Amino acid sequence: PLGIEAEFYFPSWKQCLERTADGYAFQVAVSSSFAQSRTHSFIYTRSYYRTQQSYFYARERFPTPPVIKKADDLYRHGHVCGRYSYNYEGAGQLKNADMVRVAKSYSALVARTLNGDCAFFIGRPSVLEGFRLLGENLIDNDLIAYQPVPEATPDYFYMLISRNSPYADELK
């Protein structure tokens, strides 16, 4: 009704942030957790959904679920892995610098966990369930199990609007 056209693209997260920051290629990036470092380039909308971080592990490596009482306990077992350029600090228990964040897909995280490169990977069960509903079943429950990261708060997600966008106020 306002005569505004919208186009949607699905580049990598890194490209999405870079191309949204300039305010010309893209105006808005969706599904971002909060990171203080992004506030200089982006305006955050109100959160519009939340998830819970969980640690996923290979049942073969841990036939009995590992005893994880606090997030730091994860590191006693080996590498804790995550997606490249993703932010894991929003839930307050994990530090990006302590994690191995090299996987460019969830399927790569699963493979690295099953082959022993990662003791755990951090993910959100709702995201993996979404992939399953779209026909891409990334985890086999006979091979992979998961539990919530202890004491992690819900991870809230926002849209990021470029501060360089000429329509930043209207978009917000």
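A lining residue is one that has an atom within 4 Å of a pocket's grid points. Strands here are DSSP runs of at least two residues, numbered from the N terminus. Keep in mind that this is a predicted model.

**Stop 1: the largest pocket**

Select Y9, C16, V28, A29 and V30. Of the 44 residues lining the largest pocket, these lie nearest its centre. The volume of this pocket is about 1,600 Å³. Now colour the elements that give two or more residues to its lining: α1 (13–21), β1 (28–33), α2 (106–114), α3 (125–133), β9 (155–162) and α4 (168–171). Which element gives the most to the lining? It is β1, with six residues. Next, colour the lining by residue type.

**Stop 2**

Select A35, Q36, S37, R38 and N87. They lie nearest the centre of the second largest pocket, which has 13 lining residues. The space here is about 180 Å³. By type, the lining divides into four nonpolar, seven polar and two charged residues.

**Stop 2**

The link connects distant parts of the chain, 37 residues apart: C81 is in strand β5 (residues 80–83), and C118 is in the loop between α2 and β7 (120–123). Look along the S-S bond. The angle about it is -90°, and the link is left-handed. Are its two ends buried or exposed? C81 is buried, with a relative accessible area of 1%. C118 is buried too, at 0%.

**Stop 3: the aromatic cluster**

Select Y55, Y57, F62 and F120. Together they form one aromatic cluster. The structure's count of aromatic pairs comes to 15. Zoom in on Y57 and F62. Their ring centres are 5.6 Å apart and their planes stand at 90°, so the pair is edge-to-face. Y57 is buried at 3% relative accessible area, and F62 is buried at 10%.

**Stop 4: charges over rings**

Finish with two pairs. Select R83 and Y106: R83 lies over the face of Y106, 4.8 Å from the ring centre. Then select K104 and Y84. Here K104 lies over the face of Y84, at 5.4 Å from the ring centre.

Note on methods. Residues numbered from 1 in each chain as written. Predicted model: local features only at pLDDT ≥ 70, side-chain atom pairs only at ≥ 80, totals over all residues. Heavy atoms only, no water. Phe/Tyr/Trp six-rings, centres within 6.5 Å; stacked < 30°, edge-to-face > 60°. Buried < 20%, exposed > 50% of the residue type's maximum accessible area, 1.4 Å probe, protein only. Lys NZ or Arg CZ within 6 Å of the ring centre and 35° of its normal. 1 Å grid on protein atoms, 1.4 Å probe; cavity = no way out; pocket = protein on both sides within 12 Å on 5 of 7 lines; lining within 4 Å. Points joined across faces, edges and corners; volume = space filled by probe spheres on them. Helix = DSSP H or I, 4+ residues; strand = E, 2+ residues; numbered from the N terminus. Nonpolar A, V, L, I, M, F, W, Y, C, P; charged D, E, K, R; others polar. Disulfide = S-S within 2.5 Å.
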